[in-house]
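Reader: Please take a close look at a single part of this model, and carry on from there to whatever else can be described.

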Amino acid sequence: MAPVEGGTVEGISLEELQLAARNHGMPLEALRFPVTPVGLHYLLIHYDVPVVEPEGWRLAVHGKRELTLGLEELRARPAAELTVTMECAGNGRARLEPRPVSQPWLLEAVGTARWRGTPLRPLLEEAGLPDGTIEVLFTGLDRGIEGGEEQSFQRAVPLEEALRDEVLLAYEMNGAPLPPQHGFPLRLVVPGWYGMTNVKWLSRIEFLDRPFDGYQNAMGYRLRQSEEEEGEPLSRMQPRSLLVPPGIPEFLTRDRTVAAGEVKLGGRAWSGLGPIESVEVSVDGGSTWAPAELEPEGERWAWRGWSFRWDAEPGEHVVCSRARDAAGNEQPVEPPWNLGGYANNALQTVRVTVNG
């Protein structure tokens, strides 16, 4: 039996409410859109949104050769478009017990956008990869203090990931220039990886011959049980399925009400580890499961739609879904706890009242 969501979360601080007010999730009814409208796409901003004048902005690439490119120069390079699902690594954090203190995400920290930009690999090769390179470091213009350390937001990825053909330097989102909150004028898009890897307000790219020891790699975004533990770094998104809430909501609890009879359930599923292979649905809290119908496969890095016809009988029900990817990974009923509250891909449960 899957645990039923709801109840009281004790001890939400004003600081956490402040984070929740400036960052926002995607309303789950927006799962109906194959591509998330920009204003509904989830948003997490670590520090402040920098104000960037495009005429004076430059991207510096420090390889065997030093490259400096303006926005128009990047737009003049060969372009590509990809539809990519992006999820925050902390999605589901607020449902862990004890609850890690940070941005209190429930389930909505996700979105799918159409990104347009220039592929990263040719630019790296043009700059020239120094001998011994094992990681590529990306630095944004946003600055702040975290872990007691003043820093620019920086993330490094393994060289083999940076050289994937589908990794983009994106300057458009859903057919328009990047909005300020999503990284104008340029951001990194690494399909399949959790959102923190997709550095916004990109300003500098460097090659490293050793693992990056900056805060966001060495301390942040690692699966660990205590501060003393080194932990495992986060990378690709775990499989997850989310259900479009059926019927109509109660204002405070968001519990749902539907009429008896045939109810069409639907949602989206994704994984950074492999294509979605199956989705199952339960209408009795996980006691029994039945296969959902998958939409035809679309772009590899975009979520996949599914549907299920439910003969809803009067009473109280708990509806949930679970996804499995082609690499054999399946959503757990309950995830293991970790200090940062990361990668919680446990089942979503939705309480539904069926009126006769």
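Author: Helix H3 is followed by Gly 128, whose phi is positive, near 90°. Helices (H or I, at least four residues) and strands (E, at least two) are DSSP runs, numbered from the N terminus. The model is predicted, so local features need pLDDT of at least 70 and side-chain atom pairs count only at pLDDT 80 or more, while totals for chains, interfaces and linings use all residues. Residues are numbered from 1 along each chain as its sequence is written, and side-chain values use heavy atoms, with hydrogens and water left out.

H3 itself spans residues 120–127, and Leu 120, Leu 123, Leu 124 and Ala 127 are buried in it. Buried means under 20% relative accessible area, exposed over 50%, and partly exposed in between (1.4 Å probe, protein chains only). These four cover an arc of only 100° around the axis, so they sit on the same side of H3; the arc is that of the directions from the helix axis to the C-beta atoms.

Another buried residue is Arg 268, with a relative accessible area of 9%. Arg 268 belongs to strand E16 (residues 261–270). A polar atom of the Arg 268 side chain lies 2.7 Å from the backbone oxygen of Leu 31. Contact means heavy atoms within 4.5 Å. With neighbours within four places in sequence left aside, the contacts of Arg 268 include Leu 31, Arg 32, Phe 33, Pro 34, Glu 295 and Trp 303.

Glu 295 is 216 residues from Ala 79 in sequence and 28 Å from Ala 79 in space, C-alpha to C-alpha. Ala 79 lies in the loop between helix H2 (71–75) and strand E3 (80–87). Its relative accessibility is 37%, so Ala 79 counts as partly exposed. Leaving aside neighbours within four places in sequence, Ala 79 is in contact with Arg 116, Gly 117, Thr 118 and Tyr 171.

Finally, the second largest pocket. On a 1 Å grid over the protein atoms alone, a pocket is an open set of points where a 1.4 Å probe fits, with protein on both sides within 12 Å along at least five of seven lines; lining residues have an atom within 4 Å of a point. The space in the second largest pocket is about 650 Å³. Its lining has 30 residues, of which Val 101, Ser 102, Glu 146, Tyr 215 and Tyr 342 are the closest to the centre. Helix H1 (14–22), strand E5 (135–146) and helix H5 (215–218) each give two or more residues to this lining, and H1 gives the most, with three.

Technical notes:
Grid points are joined across faces, edges and corners, and a volume is the space filled by probe spheres set on the points. A polar contact is a pair of N or O atoms within 3.5 Å; within protein, one must be able to donate a hydrogen and the other to accept it, and residues adjacent in sequence count only if both atoms are side-chain atoms.
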